[in-house]
Amino acid sequence: MLEALLWDVDGTLAETERDGHRVAFNLAFAEAGLPWGWCERRYGELLQVTGGRERLLADMATRADAPATPAAREALARRLHALKNAAYARLVAEDRLRARPGVVGLIRAARAAGLRQAIVTTTSRANVQALLPRLLGPDWANCFDALLCGEDVAAKKPDPEVYTLALQRLGLAPARALALEDSPAGCQAAQAAGVAVLLRPSAYFPRPPDGAGWTWDEARPPDLTALRLGHARHRAVA
Ligand code: XBP
Ligand code: MG
């Protein structure tokens, strides 16, 4: 039986990667006086690396004009990441990010039906706390029983840690939960924790990865009955 929905954030709730984080990283580069910029294509490549600070370090490893030592790169990555998250919050406050169709209705319907819900993301907590009130309104936190973010884990997706932690917090067996994810890394993380996935393709991940199993049909968005039926069909075995 389906008892909980585990929501990824970036790409799943809103197109935050293309329209939020990427834009905010570029604002951070400019603010720091760096002549760096990530176009949509380059950012898509860098999304292979999860975590904003880790993504900055991966890009620096390819640049001749990055600081020479690991310590200096780490310090710059931390500074740029803080600037990026502040810029991201400003973009959210300017209403530049909207919920993807069907998401708000499904979260509210699941709550009304007594399903438990958690945010299971590898983005920073500050980004979630900036975005969710804009998408769901000031009572957003009432929709969720747990909030698991990048700071809560030692290893980010595709590692299953964040899903395992969410299941522990909710006191649930993996087979009782359904993950909603957009990326191969997210899908991999959920499945490695034994959780079935409803994959929703996004701007950067338009095609379901091999083995994704169940994909959100934009022409026939799932209601709770469809979620329950689909979950019974695709339930992963822990
Ligand atoms: C997405 C990520 C994050 C965001 C940026 O994770 O990989 O790194 O791009 O977030 P998810 P931070 O889809 O699991 O939400 O800069 O805060 O790391
Ligand atoms: Mg995602």
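Student: Is F25 buried or exposed?

Tutor: F25 is buried, with a relative accessible area of 0%, where buried means under 20%, exposed over 50% and partly exposed in between, for a 1.4 Å probe and protein chains only. This is a predicted model, in which local features need pLDDT of at least 70 and side-chain atom pairs count only at pLDDT 80 or more, while totals for chains, interfaces and linings use all residues. Residues are numbered from 1 along each chain as its sequence is written, and side-chain values use heavy atoms, with hydrogens and water left out.

Student: Which ring does F25 pair with, and what is the geometry?

Tutor: F25 and W38 form a tilted aromatic pair, 4.9 Å centre to centre with 55° between the planes; rings of Phe, Tyr and Trp (its six-membered ring) pair if their centres lie within 6.5 Å, and planes under 30 degrees apart count as stacked, over 60 as edge-to-face and the rest as tilted. F25 lies in helix 1 (residues 16-31) and W38 in the loop between helix 1 and helix 2 (40-46), so the pair ties together parts that are 13 residues apart in sequence. Helices (H or I, at least four residues) and strands (E, at least two) are DSSP runs numbered from the N terminus.

Student: And what about F29 and W38, how are those rings arranged?

Tutor: The ring centres of F29 and W38 are 5.0 Å apart and the planes stand at 80°, so this pair is edge-to-face. Both F29 and W38 are buried, with W38 at 1% relative accessibility.

Student: Which residues make up that aromatic cluster?

Tutor: One aromatic cluster is formed by F25, F29, W36, W38, Y43 and Y204, and a search of the whole structure finds seven aromatic pairs.

Student: Switching topic, how do helix 4 and helix 6 cross?

Tutor: The axes of helix 4 (residues 70-93) and helix 6 (residues 125-136) come within 9 Å and cross at roughly 5°, the axes being lines fitted to C-alpha atoms, for helices over the stretch in contact, with angles from 0 to 180 degrees between N-to-C directions. That makes helix 4 roughly parallel to helix 6, since angles under 35 degrees count as roughly parallel, over 145 as roughly antiparallel, 65 to 115 as roughly perpendicular and the rest as oblique.

Student: Which residues meet there?

Tutor: From helix 4, K84, N85, Y88, A89, V92 and A93 meet N127, A130, L131 and R134 of helix 6, with contact meaning heavy atoms within 4.5 Å.

Student: Where does K84 sit relative to Y88?

Tutor: K84 lies over the face of Y88, at 5.8 Å from the ring centre; a charge sits over a ring if NZ of Lys or CZ of Arg is within 6 Å of the ring centre and within 35 degrees of the ring normal. R200 lies over the face of W216, at 4.0 Å from the ring centre.

Student: What is phi of D95?

Tutor: Phi of D95 is near 65°, a positive value in a residue other than glycine. D95 is in the loop between helix 4 and helix 5 (103-112) and is partly exposed, with a relative accessible area of 32%.

Student: Which residue follows helix 7?

Tutor: Helix 7 is followed by G171, whose phi is also positive, near 65°.

Key
Chains are lettered from A and ligands numbered from 1 in the order in which they are written.
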